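Open the model in your viewer and keep the selection tool at hand. The tour goes from one interface to the next.

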6 protein chains.
Amino acid sequence: MTDEFETGLPSVRQMQALIKDNTEVEVKLVTSDLVVGKLRWQDTNCLCVIDHYDQPTIVWKQAIVFVKPKA
Amino acid sequence: MTDEFETGLPSVRQMQALIKDNTEVEVKLVTSDLVVGKLRWQDTNCLCVIDHYDQPTIVWKQAIVFVKPKA
Amino acid sequence: MTDEFETGLPSVRQMQALIKDNTEVEVKLVTSDLVVGKLRWQDTNCLCVIDHYDQPTIVWKQAIVFVKPKA
Amino acid sequence: MTDEFETGLPSVRQMQALIKDNTEVEVKLVTSDLVVGKLRWQDTNCLCVIDHYDQPTIVWKQAIVFVKPKA
Amino acid sequence: MTDEFETGLPSVRQMQALIKDNTEVEVKLVTSDLVVGKLRWQDTNCLCVIDHYDQPTIVWKQAIVFVKPKA
Amino acid sequence: MTDEFETGLPSVRQMQALIKDNTEVEVKLVTSDLVVGKLRWQDTNCLCVIDHYDQPTIVWKQAIVFVKPKA
């Protein structure tokens with residue numbers, strides 16, 4: 001259920017860049033929910049998204065369909 | 001089907017903190033069901049949620065989309 | 001696709017307790033089907049649920065969303 | 001994506017018994033499709049179901065929700 | 001996310017036979033889409049289906065529900 | 001959750017060819033979303049699709065149903 005989580009991987013580095021740059025992103029989930037906010041942290045299982053009210057959502061990576069930086 | 005389950009992982013520690021602090025959470029599932037309650041225990045396969053009537057729901061981690069502490 | 005299946009795990013022991021105690025359970029599946037009955041056996045792949053007509057349903061664990069003892 | 005496939009497992013033996021006994025089964029899939037017929041063979045990836053017109057359907061085990069012998 | 005991909009497995013050999021024999025098949029996917037055409041190649045991740053207009057669709061095996069030779 | 005990612009695999013090479021040739025593709029996802037654009041990079045977890053407005057979408061491979069070069 002876990003991703004490869006090596007810090008050299010492009011996908012892992014991209015997520016790290018989005019965290020570091022405080023980029024607002026859309027995270028589309030398998031339920032078709034769209035979680036919008038800033039990425040705070042990731043590990044091998046999860047990605048933490050902070051919304052506009054500063055509330056965290058701990059997203060399971062297994063449920064991610066795509067991540068899209070907001071234009 | 002199993003998560004990485006090392007106690008050093010941020011995601012595992014966050015779940016442990018939510019258990020310890022008796023925080024009410026929303027657990028969104030792949031069926032779009034939302035299970036609301038307090039986390040009692042977790043292991044590598046499952047997460048146990050206790051609802052307002054003190055009834056347990058044993059949630060398979062493979063089916064979790066996100067966990068959100070109630071604001 | 002298989003769970004961790006060590007008899008020391010809380011989730012595995014809980015299922016064993018539900019089998020031994022003949023507890024009626026609801027098993028929610030990824031299709032949103034709800035299978036209701038008593039658990040007869042489990043292994044690493046499957047969980048066998050016996051319904052009111054004594055008919056078995058062999059549930060693939062990969063498809064389980066949650067298990068809930070009937071209140 | 002593959003199941004454990006050891007011939008000693010209850011779930012594997014049950015499928016083998018259903019194949020050997022020519023039992024008619026219902027196979028529920030993640031798309032909510034129900035494939036009805038007799039099991040001809042299984043391996044670690046797939047389960048082959050023969051319908052009433054003697055046509056095979058090669059079902060991916062990853063997509064199985066449950067198997068139910070017809071009453 | 002990958003299947004077992006040993007050429008001795010019945011399911012792998014069946015797919016190879018369908019490729020070799022140019023059999024028209026229906027591939028049912030988790031989205032309920034049905035891809036119809038002839039199988040050109042497979043590997044551990046994917047199955048390539050060629051439709052009537054000779055266009056390839058590279059199907060991820062993780063998304064396959066069943067494969068059915070057209071009657 | 002990760003694919004086999006060996007550069008010798010047909011599926012990996014096909015994706016590399018689509019990246020190199022700047023081919024426009026349709027990527028069908030488990031939510032039934034269709035992402036249309038050009039592939040920029042892939043790794044073991046993700047595939048990056050650039051749309052007509054030059055915006056990237058980082059698609060999780062676990063969520064891919066099929067990839068189809070636009071005719």
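Which strand of chain B is joined to β4(A), and in what sense do the two run? Select β4(A) together with residues 64-69 of chain B, in this predicted model. Those residues of chain B are strand β5, and two bridges join β4(A) to that strand, the two running antiparallel. Next, pick I58(A) and look across to β5(B): the residue opposite is V67(B).

**The interface of chain A and chain B**

Now widen the selection to both sides of this interface. On the chain A side 20 residues are in contact, and on the chain B side 24 residues. Between them the two chains bury about 1900 Å², and carbon and sulfur atoms account for 60% of that area.

For the charged pairs, show side chains. Two salt bridges are found across the interface of chain A and chain B. To see a salt bridge here, select D51(A) and K68(B), where the closest N and O atoms lie 3.6 Å apart.

Return to strand β4 of chain A, residues 56-60. With five residues, this strand gives the most to the side of chain A that touches chain B. Colour that side of chain A by residue type: 10 residues are nonpolar, seven are polar and three are charged.

**The interface of chain F and chain A**

Which strand of chain F pairs with strand β5 of chain A? Select residues 64-69 of chain A, which form β5, and then β4(F): the pair is antiparallel and has two bridges. Within this pairing, F66(A) stands opposite V59(F).

Select the whole contact next, which involves 20 residues of chain F and 24 residues of chain A. The buried area here is about 1800 Å², with 60% given by carbon and sulfur atoms.

How many salt bridges are counted between chain F and chain A? The count is two. Zoom in on D33(F) and K28(A), whose side chains form a salt bridge with an N to O distance of 3.0 Å. Nine residue pairs are in polar contact across the interface of chain F and chain A, both residues being at pLDDT 80 or more.

How values were computed
Residues are numbered from 1 along each chain as its sequence is written. Chains are lettered from A and ligands numbered from 1 in the order in which they are written. This is a predicted model: local features need pLDDT of at least 70, side-chain atom pairs count only at pLDDT 80 or more; totals for chains, interfaces and linings use all residues. Side-chain values use heavy atoms; hydrogens and water are left out. Contact means heavy atoms within 4.5 Å. Buried area is the accessible area (1.4 Å probe) that two parts lose on being put together, summed over both. A salt bridge is a side-chain nitrogen of Lys or Arg within 4 Å of a carboxyl oxygen of Asp or Glu. Helices (H or I, at least four residues) and strands (E, at least two) are DSSP runs, numbered from the N terminus. Ala, Val, Leu, Ile, Met, Phe, Trp, Tyr, Cys and Pro count as nonpolar, Asp, Glu, Lys and Arg as charged, and the others, Gly among them, as polar. Two strands pair if DSSP finds at least two bridges between them. A polar contact is a pair of N or O atoms within 3.5 Å; within protein, one must be able to donate a hydrogen and the other to accept it, and residues adjacent in sequence count only if both atoms are side-chain atoms.
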